[in-house]
Protein chains: 2
Amino acid sequence: MADSAGDLRFSAAAGRAFMSRAFLAAGLPEEDARQVAELMLLADLRGVDSHGIVRLAGYIKRIRAGGVNKRPNIRIVAESPATALVDGDNGMGHLVMRKAAEIAIAKADKAGIAWVGTRGSNHAGAGAVYAMMPLAHDMIGLYLAVANNNHMAPWGGVEPLLGTNPIAIAIPTGEEAPVVLDIATTTISFGKIRNAADNGERLAEGLVMDYEGRPVTDPNQAEHGLLLPMSEYKGSGLSLVFSLLGAALNGVATGRDTTTNADADKPADTGQVIMAIKAANFGPIDAYKRRTDKVAHDIRTSKPMPGHAAVRYPGQQGHATLLERNRSGIPIRPPLQKSLEKLAGELKIAPLEISK
Amino acid sequence: MADSAGDLRFSAAAGRAFMSRAFLAAGLPEEDARQVAELMLLADLRGVDSHGIVRLAGYIKRIRAGGVNKRPNIRIVAESPATALVDGDNGMGHLVMRKAAEIAIAKADKAGIAWVGTRGSNHAGAGAVYAMMPLAHDMIGLYLAVANNNHMAPWGGVEPLLGTNPIAIAIPTGEEAPVVLDIATTTISFGKIRNAADNGERLAEGLVMDYEGRPVTDPNQAEHGLLLPMSEYKGSGLSLVFSLLGAALNGVATGRDTTTNADADKPADTGQVIMAIKAANFGPIDAYKRRTDKVAHDIRTSKPMPGHAAVRYPGQQGHATLLERNRSGIPIRPPLQKSLEKLAGELKIAPLEISK
């Protein structure tokens with residue numbers, strides 16, 4: 001099939017340049033355009049294909065429709081030595097979160113830990129990108145986001161009161177690839193549902209239900225259904241507490257009052273959190289990295305389940321993908337490449353350069 | 001059946017007094033005995049029957065075998081404005097965690113957030129008890145613990161490298177019962193496995209496996225098996241990051257090197273974390289509580305799934321149980337009551353007073 005991944009690739013440099021051109025053409029200042037492109041590309045490089053360049057057209061649509069502020073005044077509106085609340089002024093979520101992470105790292109450097117919440121933000125792409133920012137400072141990073149669409153019912157119910165609210169945590173290592181966990185609180189993601197639809201597969205029961213609580217196994221019906229929480233009341237409870245930490249604490253409406261991002265011309269008022277912990281405050285950093293290395297190594301060399309080639313820890317595959325894609329480029333499916341060509345035409349910019 | 005719960009009850013005062021007597025007789029100082037009893041009773045009052053008085057005999061055994069330090073010097077060994085590392089000096093985990101929570105609350109009051117890790121600690125009972133301590137100060141509480149037995153394999157593997165590592169999060173409310181989530185990272189707990197064994201029921205597949213990855217459905221075989229992580233790689237990943245945050249960061253051995261607590265005469269060197277966030281630093285506390293109240297209320301009054309009487313949010317049932325048990329006493333099963341009578345005989349103390 002011409003559709004299979006691997007036929008077409010683009011280099012990291014080409015992806016960065018194309019996305020920068022697109023955001024610049026849509027009206028973002030040059031430096032902001034470059035930063036958003038860089039943060040989106042990190043998702044593509046680590047293999048989080050659902051949160052990188054595939055989102056470009058959607059973001060551009062919101063910017064052009066006036067749903068996102070092109071010249072935001074992203075600023076601290078409340079703070080204490082180890083906390084801050086950042087108002088994103090409806091700017092691109094990537095810019096808001098980058099600033100929030102910088103503030104968290106600076107505060108954690110002095111206080112040992114810092115927690116920075118956002119309001120008036122927007123979708124920021126892959127959570128792991130922000131959770132990993134503290135790593136370069138030998139800090140642990142944690143990211144929470146509250147989704148602007150409620151695709152989940154609280155466990156035992158059938159009303160959409162909760163989002164797929166993800167959490168990402170990144171932990172420094174020495175020799176091993178960093179431990180990076182990035183998960184939504186639902187059992188299945190829309191990305192996997194779309195894959196099942198593309199491949200003509202049915203969904204197992206227990207992943208999606210309709211508004212009467214009946215299982216939905218046709219992936220083409222799933223987008224109108226409710227995603228089930230991971231591990232029943234556990235995922236539902238985690239999604240709820242993330243709503244109360246990442247939205248309600250920051251003054252962002254959540255639960256039944258959630259601002260949806262269904263209309264491209266309306267602000268989404270997204271709430272997020274970034275936390276950074278300075279590991280050296282608990283003991284020598286090298287000793288910590290030796291311990292995290294040892295655990296990571298022991299897991300990936302442990303005995304696999306029959307049928308599994310090897311055991312992997314979270315972050316291991318993303319790091320391997322990063323190395324491979326930096327070398328060989330990022331695979332892109334022809335339908336996406338074609339839609340980006342169309343976008344380039346609309347924006348009157350040079351298209352994404354395909355390497356082979 | 002004489003065995004059914006509800007036939008026998010003891011009052012909160014009787015439970016407190018009996019457990020205090022037991023710890024005093026085992027050699028704890030009077031004030032420490034009283035505090036551990038109080039913290040254990042809170043679990044019983046909120047209906048966490050697996051983590052309260054049922055654990056008394058096990059704790060006493062460890063104390064008498066010399067596995068726990070009766071006169072610990074619980075102290076801060078490293079700190080920054082918003083973090084601390086507490087060495088529990090192998091004292092009772094309840095005392096170590098209580099002190100850690102007090103430190104976290106005092107630091108969060110000044111810095112906005114605080115994170116306190118422990119090493120040289122022991123099993124501390126129910127995580128919710130500590131996560132809830134910040135609530136009285138209008139703070140959010142979060143507790144993590146790293147288990148001293150590895151009952152879980154990393155997802156895709158069959159070696160026991162991870163614990164059931166729980167997380168508890170408590171969030172302040174105004175009129176509604178506080179939101180309190182307290183979950184382990186496995187799909188099923190040993191408590192539920194024991195219930196299935198008692199009731200002659202088989203376990204569903206996907207909960208427990210043997211060391212070759214085959215399903216274990218006989219609850220009587222399950223204690224020799226591996227508990228499966230909640231939601232596959234997600235629960236496995238969360239357990240791993242909790243190990244690296246709650247043990248490795250505090251200088252506690254984890255993963256393959258975990259110190260088990262199998263021998264009652266050996267220190268367990270448990271690692272835990274308590275975090276507190278001062279909600280008022282993000283906006284007026286009353287407005288936050290109105291938002292958390294609204295979400296809690298909307299969930300518990302939302303439409304239930306067919307077959308469910310009502311939707312409940314985490315913490316709602318525990319609070320109702322607390323009110324009911326404070327009024328009517330705590331139910332106790334005859335076998336437990338008999339074993340506590342035996343314990344009283346061994347310790348030469350007055351037995352637990354049964355109210356009816």
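Where in chain A is the place of A:K61? A:K61 sits in helix α3 (residues 56-65) of chain A; helices (H or I, at least four residues) and strands (E, at least two) are DSSP runs, numbered from the N terminus. Before going on, some housekeeping. This is a predicted model, where local features need pLDDT of at least 70, side-chain atom pairs count only at pLDDT 80 or more, and totals for chains, interfaces and linings use all residues. Residues are numbered from 1 along each chain as its sequence is written, while chains are lettered from A and ligands numbered from 1 in the order in which they are written.

Back to A:K61. With 15 C-beta neighbours inside 10 Å, A:K61 counts as partly exposed. On that scale a residue is buried if 20 or more other C-beta atoms lie within 10 Å of its own, exposed if 12 or fewer, and partly exposed in between, with C-beta atoms placed from the backbone.

**Helix pairs**

Two packed helices are described by the angle between their axes and the distance between the axes. Here the axes are lines fitted to C-alpha atoms, for helices over the stretch in contact, and angles run from 0 to 180 degrees between N-to-C directions.

| Pair | Angle between axes | Axis distance |
|---|---|---|
| α1(A) and α2(A) | roughly 140 degrees | within 8 Å |
| α1(B) and α2(B) | roughly 140 degrees | within 8 Å |
| α1(B) and α3(B) | about 15 degrees | 10 Å |

Angles under 35 degrees count as roughly parallel, over 145 as roughly antiparallel, 65 to 115 as roughly perpendicular and the rest as oblique. That makes α1(A) oblique to α2(A). In chain B, α1(B) and α2(B) are likewise oblique to each other, whereas α1(B) and α3(B) are roughly parallel.

As for handedness, a crossing is left-handed if the near helix is turned anticlockwise from the far one by less than a right angle, and right-handed if clockwise. The crossing of α1(A) and α2(A) is right-handed, that of α1(B) and α2(B) is right-handed, and so is that of α1(B) and α3(B).

Now for who touches whom, with two residues in contact if their C-beta atoms, placed from the backbone, lie within 7 Å. From α1(A), residues including A:G15, A:M19 and A:F23 meet residues of α2(A), among them A:A33, A:V36 and A:L41. By class, that contact has ten nonpolar, two polar and five charged residues. For the classes, Ala, Val, Leu, Ile, Met, Phe, Trp, Tyr, Cys and Pro count as nonpolar, Asp, Glu, Lys and Arg as charged, and the others, Gly among them, as polar.

B:M19, B:A22 and B:A26 of α1(B) meet B:L56, B:I60, B:I63 and B:R64 of α3(B). Six of these residues are nonpolar, none polar and one charged.

**Two helices on their own**

The expected span of a helix is 1.5 Å times one less than its number of residues. Just after α2(A), A:G47 takes a positive phi of about 90 degrees.

Over in chain B, α7(B) (residues 233-246) reaches 19 Å from its first C-alpha to its last, close to the 20 Å expected for its 14 residues. Of those residues, 13 of the 14 are buried, so α7(B) is largely enclosed by the rest of the structure.

**Two aspartates with positive phi**

A:D138 is not a glycine, yet it has a positive phi of about 55 degrees. A:D138 lies in the loop between α5 and β5 (139-146) of chain A and is partly exposed, with 14 other C-beta atoms within 10 Å. A:D269, also not a glycine, has a positive phi of about 50 degrees. A:D269 belongs to the loop between α7 (233-246) and β10 (270-278) of chain A, and with 23 C-beta neighbours inside 10 Å it counts as buried.

**Where the chains meet**

The contact takes 66 residues from chain A and 66 residues from chain B. On the chain A side, α7(A) gives the most, with nine residues. By class, that side has 36 nonpolar, 21 polar and nine charged residues.
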